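User: Please examine the following model and answer some questions on its fold and its cores.

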Amino acid sequence: MKLLIALMLITAIGFSYTNSIQQKVVESFSNRKTIDTLVKQIGIVKQAGTAENPYYLISYDAGYLYLYVANLPVIYRKENTTITFSGAMKEMHPMEDEHGQFFVLSSIELKY
């Protein structure tokens, strides 16, 4: 019985920790060290998460990973929107890569 209670407590703490990290991460990674820059890349906006708590990623042609965007303007937050963008990849700490590479946009426009 004690083992079951301990497992339930650990699971609850884990979910709580994950939710608090997701909310704080976007606010905090904009000021981190830039590890690489992308210029005039073509990408596609992808929506992930839940309908109540969505987050947005960019999939781009020249890359093998998703970019977890800190500052995507509301008008581009539509699934499968094709864009041309530039910006900075930000430093990440262990266990922060569950969504994608942290990224801060410096420019974005619709790709026609």
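Analyst: Two strands are taken to pair if DSSP finds at least two bridges between them. The model is predicted.

User: Which order do the strands follow in the closed barrel?

Analyst: From the N terminus on, the elements run α-β-β-β-β-β, with one helix and five strands in the chain. The closed barrel has five strands with mixed pairing, and the twist averages 55° from one strand to the next. The order in the barrel is β1-β2-β3-β5-β4.

User: Which residues have the most contacts inside the largest nonpolar core?

Analyst: The largest nonpolar core has 15 residues. Two or more residues come to this core from each of β1 (34-49), β2 (54-60), β3 (66-69), β4 (82-90) and β5 (101-110). Another core, of seven residues, lies apart from it and includes A48, A70, F102 and V104. In the largest core, the residues with the most contacts are L67, L72, F85 and L105.

User: What share of the contacts with a separation of 6 or more is between residues 24 or more positions apart?

Analyst: A contact here requires heavy atoms within 4.5 Å. Among contacts in the chain with a separation of 6 or more, the share from residues 24 or more positions apart is 63%.

User: What percentage of the residues in the chain is buried?

Analyst: Buried means under 20% relative accessible area. The chain has 112 residues, and the buried percentage is 32%.

Definitions and conventions. Residues numbered from 1 in each chain as written. Predicted model: local features only at pLDDT ≥ 70, side-chain atom pairs only at ≥ 80, totals over all residues. Heavy atoms only, no water. Helix = DSSP H or I, 4+ residues; strand = E, 2+ residues; numbered from the N terminus. Buried < 20%, exposed > 50% of the residue type's maximum accessible area, 1.4 Å probe, protein only. Core = buried A, V, L, I, M, F, W, Y, C linked by side-chain atoms within 4.5 Å. Axes fitted to C-alpha atoms, helices over the stretch in contact; angles between N-to-C directions.
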